[in-house]
Amino acid sequence: MEPASEAAATRARSCRARYCGAFAALALASACGEAAQGEPTFAGDVAGIVYTSCTPCHRTGERTPFTLLGYDDVYKRRDKIADAVRSRLMPPWLPSHGDFADDRRLSEKQSALLLRWIEAGAPRGDAASEPKRPEFPAGWQLREPDLVVTGQEVVVPESGPDQFRNLVIPVAITAQKFVAAIEVRPGNPAVHHAVVAVDATGRCRQLDARDAEAGFAGMSMGNAKPPDGCFLGWTPGKRVHESAPGMAWRLAPGSDLVLQLHLAPTGRRETVRPQIGLYFTDVPPAVITYPLCLSAKDIDLPPGASDVVVRDAFVLPVPVEVHSVYPHAHYLCRRMEAWATLPGGERRELFSIERWDFDWQDDYRYRKPMPLPAGARVEFAYHYDNSAGNPANPSSPPRHVRLGDRSIDEMGNLTLQVTVQNVEARRAIGEAGVRRELQRVGFDAALMLELTTLLRESGRHDEALATVTAVREREPENVDALLEQGHCLAGAGRIDEAGRAYEDCLRRDPALNVARMQRAMLWLRQERYAEAIAVFDQALPLSPDFAPLHYNLAQACMGAGKLDRAEHHYRRAVAIDPALFPGWFHLGRVLAAAGRTADAREALLRAQALRPEDPRPQEVLRQLGR
């Protein structure tokens, strides 16, 4: 952090700690109606709500600076509680408009009740009638997680600029899991907030290996993406919830969690070693999600400017349902609003925040998803104050601020988690978003490759090849572009050219196992089973828990007449991914060919249950019956 702004930034960050206890005070009134006539008491009116709304965070083992485990704790902080209630700085709930779950706002009557109790001297009442204090699992909010993973140790110096470190954390699973919830435990006050994404490619491990410190630096998370379009992360005061049935996200074996930490010096040397707890479910995802991102690129805030408005907008090419929103800005933002304008002119408010606070940012889940039709225009307007009159301004005197990653720079982003009707709709909204970004930023290799993938998956092979060729011409050493060119050539049926592209990828980067697997797939398509098996075998030690690799190796073994080995790899494929229909179907065929009727029937019935409309399992079952 720049010396001129360090003290002011420290004051801005200290707001979180200074009023942390007020969260409990406001929350304790959140479920209160008016007290019975007469003087409210802790025993009769307050204790039960403290234990429900405050103690889950203000207890031993949590990051809060004190506990609220009984009357003495609350009484000791009554004056600060009253100040926080009057100023409405707490609880940590920013939206002033929007029907969101976990809304912690207080009504006027609730605030008045709490202040009346404090002004009356915060009487305890009959201690014998106080509710029993709650008991919690040690550490974790929900319960003991199904799996806990731990990040590398990061050291934060006592002073200096904020840092962004991306920790690459392997997940020790051997079969696909459906994740219903995660909890991030940062373990240190130097963590301002954290974001979690998933990398199934192994490329983030390479970025980690090139960086001398733990993880890798920067706000770019490499190949890591929000899994199935879900927001994952941690902010102060964030509650952990399990997703509704059908809203879990997939975690494949061999994937890495990438935990991005925003680290801010606290005035002393800190050691951070975060943990992530994962909670699994047996219910697979039943919806198709997408993270729709809007962002302001033209942030320019002269010193002294007290109300600069930045905007962005996106027109939906397909109908969606909005499930949650995640707004993001830094210290100079003061006010936010976002809305959708329907094709007929109707305006629907998405959210508004009258007093933005960088230290309490969060994502917000609607109680009921908001449907928006195709053609709706989603838009936000954020207001920034770069004057000396902004108490959160990290620079004194104010300095010229533009778009940037540091806390003393500014950002203006809005991400919406939406669901769409089908895979084609997801590609359509993805393509529209990428093309819009390319219009704004010009050439960008990562965006161009994302567009190439969308075009290829839509069967538009000529457009895909033209797009990736443009990247290759600008960046001939870009291995990711060469790999995508191989995919495009294979999709267009240009097998020999695709094979050469994959072989070139492996010469440049022998660790690029996806190129090795795709080279083997081309041999398999040409029914050159021996060559395919040899290359699949080379890939297997690098990706031992990748279900498609086992499945395709089984296909090659089946084509070569190696039925025992085919059975082994089909079984491994469906053990990793039990929802893999072709794995169960072809396993049934192999078992039927071996004369193992009962085992074949079991596998074919599993396939039929996964895809009842497909006639092939039933046909093989009929043949078994004959």
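Is A122 buried or exposed? This model is predicted, and in it A122 is buried, with a relative accessible area of 0%. The residue sits in the loop between α6 (108–119) and β1 (147–150). Its backbone deserves a look too. Phi of A122 is near 50°, a positive value in a residue other than glycine.

Find D228 in the loop between β6 (216–217) and β7 (233–234). Here the relative accessible area is 26%. Buried means under 20% and exposed means over 50%, so D228 counts as partly exposed.

Move on to A296. This residue lies in the loop between β12 (288–295) and β13 (300–301). A296 has 2% relative accessibility. The cut-off for buried is under 20%, so A296 counts as buried. What does A296 touch, leaving aside its neighbours within four places in sequence? The contacts are V310, R311, D312, F380, L403 and G412. Take V310 from that list. It is 14 residues from A296 along the chain, and the two C-alpha atoms are separated by 6.4 Å.

Next comes a proline. P397 lies in the loop between β19 (377–384) and β20 (401–402).

Now turn to the helices. Two packed helices are described by the angle between their axes and the distance between the axes. Start with α12 (residues 495–508) and α13 (residues 513–525). Their axes come within 9 Å and cross at roughly 155°. An angle over 145 degrees counts as roughly antiparallel, so α12 is roughly antiparallel to α13. The crossing of α12 past α13 is left-handed.

Which residues make this contact? From α12 come I495, A498, G499, Y502, E503, C505 and L506. They meet A515, R516, Q518, R519, L522 and R525 of α13. By class, the contact of α12 with α13 has seven nonpolar, two polar and four charged residues.

A second pair is α15 and α17. How do their axes cross? They come within 11 Å, at an angle of roughly 25°. Angles under 35 degrees count as roughly parallel, and α15 and α17 are therefore roughly parallel to each other. α15 passes α17 in a left-handed crossing.

On the α15 side, the contact uses Y551, Q555 and M558. On the α17 side it uses P582, G583, H586, R589 and V590. By class, this contact of α15 with α17 has four nonpolar, three polar and one charged residues.

Stay with α17. The helix covers residues 581–593, which is 13 residues. From its first C-alpha to its last it reaches 19 Å, close to the 18 Å expected at 1.5 Å a residue. Which of its residues are buried? They are F581, G583, W584, F585, H586, L587, G588, V590 and L591.

What covers the buried residues of α17? The cover includes α15 (547–559) and α16 (563–576), along with α18 (597–610) and α19 (616–625). After α17 comes G595, whose phi is positive, near 80°.

How values were computed. Residues numbered from 1 in each chain as written. Predicted model: local features only at pLDDT ≥ 70, side-chain atom pairs only at ≥ 80, totals over all residues. Heavy atoms only, no water. Helix = DSSP H or I, 4+ residues; strand = E, 2+ residues; numbered from the N terminus. Expected span 1.5 Å × (residues − 1). Buried < 20%, exposed > 50% of the residue type's maximum accessible area, 1.4 Å probe, protein only. Contact = heavy atoms within 4.5 Å. Axes fitted to C-alpha atoms, helices over the stretch in contact; angles between N-to-C directions. Parallel < 35°, antiparallel > 145°, perpendicular 65-115°, else oblique. Left-handed = near helix turned anticlockwise from the far one by under 90°. Nonpolar A, V, L, I, M, F, W, Y, C, P; charged D, E, K, R; others polar.
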